[in-house]
Amino acid sequence: MRLTIYSAVVLLAAGTTLSAAQDTTVKSRTDIKADEAQVVSMTGCLRQDVSTGTYMLVGTVNAAGENVRNEAKVKIDRDKNDTTVTAETRAKADNGDKGDKAAAGLASTYVLSPGNVNLTSYVGKQVQLAAAAVKPGHEDADVTITDKTTVDPEHGHDRTERSKTKVEIERGPLGQYTVVSVKALSGTCAAH
C-alpha cells in the first residue's frame, strides 16, 4: 500500500487547553472518495484475535459505495463525580451499485486489514470506521480521505483540525477491507 498524506491544520484561538472538569463536544466529518474501490462505513466493537493478531469489527455496515461521508458527534458531560459520554453517528454513500447498497444494514463480524491505520488503541472500543476493498478485476484503487474535526469546550475557544490523505490500496483477497479511517465512540466492549 502506498500512502501520501497532505495535511492542513487550522486552529481557531490556538493555545486553548481543555480543563478536566468541563463539558466538551467533538464533531467530525470524514469524506472518503474511491476510484475503483467499494468503501463501507461501519460501526461496532473493534476486536483483535490474540493468537493471530487479526482485527475484526463486530457491528453493522451503515453505508457502502464509491463515496462515503461519516459524521460523528461525541459529547462529554463532566459533573462533579461522573462523566457521561454520548455519541451520534451518520453515514451516507453515493455511487454504489446494487451489491454495495445491499450491504447497508447488515450486522456481522468483518475481518479488517489495518492498512496504514494503527488500530491497536481502538481494540475493545466502540468505533466508527471506513474501509475500502478493491473492486474485482482491478489492480489497485486510489482513495482520498478528507477529515474535519472540531473540539468545542464549554468554557473556551473552538479548535478545528483538517487533514487530507491519499492512499493507494492494492488488490487483496476478495472481501478484504482495508481500514482508511477510524474514530472512537462512547463505550467499551469485549476486546477478544
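Is aspartate 31 buried or partly exposed, and what is its relative accessibility? Aspartate 31 comes out as buried, at 15% relative accessibility, where buried means under 20% relative accessible area, exposed means over 50%, and partly exposed is in between (1.4 Å probe, protein chains only).

A word on the ground rules. The model is predicted, so local features need pLDDT of at least 70 and side-chain atom pairs count only at pLDDT 80 or more, while totals for chains, interfaces and linings use all residues. Residues are numbered from 1 along each chain as its sequence is written, and side-chain values use heavy atoms, with hydrogens and water left out.

Now for the overall layout. The protein has 1 helix and 11 strands, helices (H or I, at least four residues) and strands (E, at least two) being DSSP runs numbered from the N terminus. Read from that end, the order is β-β-β-β-β-β-α-β-β-β-β-β. Of the 192 residues, 38% are buried.

Some of these strands pair up, which takes at least two DSSP bridges between them. Strand E2 (residues 24–35) runs antiparallel to strand E5 (residues 67–78), and 10 bridges join the two; here serine 28 sits opposite alanine 72 in E5. E5 also pairs with strand E6 (residues 83–94), again in the antiparallel sense, over 12 bridges. In that pairing aspartate 77 faces threonine 84 in E6, and E5 and E6 make a hairpin with 4 residues between them.

Back to aspartate 31 and its partners. The whole structure holds 4 salt bridges, each a side-chain nitrogen of Lys or Arg within 4 Å of a carboxyl oxygen of Asp or Glu. Aspartate 31 bridges to arginine 69 at 2.6 Å, N to O. That pair ties together distant parts of the chain, with aspartate 31 in strand E2 and arginine 69 in strand E5, 38 residues apart. Arginine 29 also bridges to aspartate 31, with the closest N and O atoms 3.7 Å apart, so Arg29, Asp31 and Arg69 are linked in a network of salt bridges. Both arginines are partly exposed: arginine 29 has a relative accessible area of 33% and arginine 69 stands at 34% relative accessibility.

Another salt bridge joins aspartate 147 to lysine 183, with 2.9 Å between the closest N and O atoms. This pair also links distant parts of the chain, aspartate 147 in strand E9 and lysine 183 in strand E11 (residues 177–188), 36 residues apart. Both aspartate 147 and lysine 183 are buried.
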